[in-house]
Amino acid sequence: MHTGACLQRFACIDEQAEQLTGFDQHYEQVGAGSFSGAFLAVDGDRVGVFIEGTNRLLHQVGAGPEEQISAVVLLQSPSQSMSNGVVFGSEDVLLVGPGGSYEAVVGAGVVPAVFSISFDLSPALPLRRLADRQRGQVRLITAPDLSSRFRNTAIGVLRSWDAEKRTVEVSAETVQWLMLDLLAAPAAAGGSSCPALDLFRRSKSIMADSLREQIPISEIASRAGVSRRSVENAFRTSVALSPNEFRKLLRLNKARRLLEQDNHSVTEAAMDSGMFHLGRFATEYRRLFGELPSDTARRSR
């Protein structure tokens with residue numbers, strides 16, 4: 001079945017994050033350098049297929065749409081990626097249940113393919129019954145055969161891209177049966193999880209709400225009701241960064257977004273993000289984004 005599709009390239013990380021319809025995604029740039037990415041979106045009434053690639057290490061946050069079940073595989077994985085604190089490889093399938101939230105660290109050059117399918121597809125009853133068991137869950141399932149079949153389907157979609165007509169060839173039935181096979185797999189009952197993930201999320205929320213404050217990590221740990229070492233271990237396990245490294249990334253990414261809104265000066269963006277040493281701010285900003293904050297402000301105008 002020929003389906004309308006959109007293939008775009010992006011120089012803005014936030015614009016690319018918005019392309020995965022219904023997932024309410026949010027990206028933070030982790031790897032240093034100017035960002036560029038590409039995104040193929042097939043957002044049909046029955047099946048969604050989304051394939052993206054970027055040139056930078058990213059931290060991604062999102063959640064599966066309600067009334068849909070989703071699966072993610074990696075078409076290319078030249079660098080390591082993680083999902084909810086577990087290493088995500090080429091033989092794995094990430095099963096995202098309705099409303100299931102995820103924290104992913106996606107390596108530079110990694111090409112994820114996301115399949116999303118509505119409960120309304122026929123036969124709806126087995127799909128809904130199996131998918132309801134995954135509600136609110138995200139499971140990393142090692143299933144080489146299923147992963148290979150999902151990848152081959154995604155590669156077929158890519159190869160069918162017609163630039164003139166802006167269409168691709170997608171078999172909704174093939175995606176449906178792949179999803180049913182995945183949901184029925186014995187491993188779907190368990191999957192992998194990261195015990196430290198909940199603490200990471202609680203600590204990250206405290207951190208994000210207090211970026212202007214120069215509070216020590218020990219205070220964040222106290223607010224979370226745990227020890228500093230527990231917080232440090234949760235960050236290392238979940239995103240392979242220390243709490244202070246992650247907080248600096250949050251501050252720099254927030255500053256970039258403020259500058260791109262065209263209503264903040266460089267000084268205002270730095271101060272509002274909790275970075276009060278302007279010289280250090282400019283150096284760190286340039287190291288991460290490949291340009292000075294003044295360059296971002298000038299471009300946004």
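Predicted model: local features only at pLDDT ≥ 70, side-chain atom pairs only at ≥ 80, totals over all residues.

Analyst: Residues are numbered from 1 along each chain as its sequence is written, and side-chain values use heavy atoms, with hydrogens and water left out.

User: In what order do the five strands of the open sheet come?

Analyst: Strands here are DSSP runs of E with at least two residues, helices are runs of H or I with at least four, and both are numbered from the N terminus. Two strands pair if DSSP finds at least two bridges between them. The pairing in this sheet is antiparallel, and the order is β3-β6-β11-β8-β9.

User: Why is one side of β3 and of β9 left without a neighbour in the sheet?

Analyst: Strands of a sheet pair through backbone hydrogen bonds, either parallel or antiparallel. β3 (26-29) and β9 (86-88) each have a single partner strand, so one side of each has no neighbour in the sheet: they stand at the edges.

User: Which residue in β6 is the bridge partner of Y27?

Analyst: β3 and β6 (residues 58-63) run antiparallel and are joined by four bridges. In β6, Y27 has as its bridge partner Q60.

User: At about what angle does helix α7 run to β8?

Analyst: Angles run from 0 to 180 degrees between N-to-C directions, using axes fitted to C-alpha atoms, for helices over the stretch in contact (heavy atoms within 4.5 Å). Helix α5 (residues 197-208) lies across β6 and β11 (101-106), at about 90 degrees to β11. Helix α7 (residues 228-239) lies across β6, β8 (81-83) and β11, and its angle to β8 is about 115 degrees.

User: How far from D92 is the nearest side chain of opposite charge?

Analyst: D92 lies in strand β10 (residues 92-96). Buried means under 20% relative accessible area, exposed over 50%, and partly exposed in between (1.4 Å probe, protein chains only). A salt bridge needs a side-chain nitrogen of Lys or Arg within 4 Å of a carboxyl oxygen of Asp or Glu. D92 is buried yet has no salt bridge, and the nearest side chain of opposite charge, R151, is at 8.9 Å.

User: Which side chain makes a polar contact with the side chain of D92?

Analyst: A polar contact is a pair of N or O atoms within 3.5 Å; within protein, one must be able to donate a hydrogen and the other to accept it, and residues adjacent in sequence count only if both atoms are side-chain atoms. The D92 side chain also reaches the backbone nitrogen of G89 at 2.8 Å. The side-chain partner, at 2.8 Å, is T142.

User: How many residues apart are R256 and D14?

Analyst: Their side chains meet in a salt bridge (3.5 Å, N to O), one of 22 in the structure. R256 sits in helix α8 (residues 243-260) and D14 in helix α1 (residues 13-17), so to speak distant parts of the chain, with a separation of 242 residues.

User: Is E28 buried or exposed, and with what relative accessible area?

Analyst: E28 forms a salt bridge with R257, the closest N and O atoms being 3.3 Å apart. R257 is buried, with a relative accessible area of 15%. E28 is buried too, and its value is 8%.

Definitions and conventions: Lys, Arg positive; Asp, Glu negative; His and termini not counted.
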